[in-house]
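Q: Please take a close look at the aromatic ring pairs in this chain and the surroundings of their members.

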Amino acid sequence: MTGAQHSRGPRPQDPELFAPAQHERLQAATSDLSWLLERDYALPSALELVGNRYGLTVRQRMAVQRCACTEAQRTEREARRVDVTQLRGRRLAIDGFNVLITLEGALSGGYLFVARDGCVRDVASIHGTYRRVSETDAAIDTVGQALAGWGVAHAVWYLDQPVSNSGRLRARILERAALHGWAWTAEVVHNPDRTLVADTESVVGSGDSWVIENATCWANLVGELLRAAGPADSLARAHVADLSLDERP
């Protein structure tokens, strides 16, 4: 991770796969998948049914899968959510790769999706190795400026030990924190998801569905950052499709 890659921007096919003309179809597919999950269909078979019905590509199916949930799941997640206006003076535990990679994609004009639980998710993955990109520092700083504005007392970033370059990213996060005077720590742990869920003293910053459903409380960091972005902000480069709408025919 000595040098930054060019970008974590959209793939060449994304402008066609996620164009506004596709949104209604993706919304309907997300609604249908959620409907099937409500009726205890297994996710793999339900996703295959929905994907085949709507003729979705692998990448479109991934977006639909990450945005679908049952009403019970949506209610449970919302009950645990803490508004960012309530973070003043509190400790925040950040799901490092989950937050950072989504913001890197947003800053590079990637495609993001509003899920039925209100979180903003992408279709990115790191395949066991994280490589810094040109938007990494900006993504870290975006989080830092927001946390300072919200009055967060202390933040700890959790990064996945099995992912290569986690240690180098930890060092980079701490460098940016020292530069700006932010009260941060960063830890590389074997299983950040379980570490975050076990931290009952902190508000968890994550958009991961399992984490937010099992954490004591959580904040929708990326969603709030995107909602607050003005037209001139770098985050406004992101292409955001709202798949939370109920469009079942």
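Is Phe-18 buried or exposed?

A: Phe-18 is buried, with a relative accessible area of 2%; buried stands for under 20% relative accessible area, exposed for over 50% and partly exposed for what lies in between, with a 1.4 Å probe and protein chains only. This is a predicted model, in which local features need pLDDT of at least 70 and side-chain atom pairs count only at pLDDT 80 or more, while totals for chains, interfaces and linings use all residues. Residues are numbered from 1 along each chain as its sequence is written, and side-chain values use heavy atoms, without hydrogens and water.

Rings of Phe, Tyr and Trp (its six-membered ring) pair if their centres lie within 6.5 Å; planes under 30 degrees apart are stacked, over 60 edge-to-face and the rest tilted. The count by this rule is 5 aromatic pairs. In one of them, the ring centres of Phe-18 and Tyr-111 are 6.0 Å apart and the planes stand at 40°, so the pair is tilted. It joins distant parts of the chain, 93 residues apart: Phe-18 sits in the loop between helix 1 (14-17) and helix 2 (20-38), and Tyr-111 in strand 2 (residues 111-114). Helices (H or I, at least four residues) and strands (E, at least two) are DSSP runs, numbered from the N terminus. Tyr-111 is also buried, at 13% relative accessible area. Ring pairs link Phe-18, Tyr-111 and Phe-113 into a cluster.

Trp-157 and Trp-184 have ring centres 5.4 Å apart and planes at 55°, so this pair is tilted. Trp-157 in strand 4 (residues 154-160) and Trp-184 in strand 5 (residues 184-189) are 27 residues apart, and the pair links distant parts of the chain. Trp-157 is buried at 0% relative accessibility, and Trp-184 is buried with a relative accessible area of 10%.
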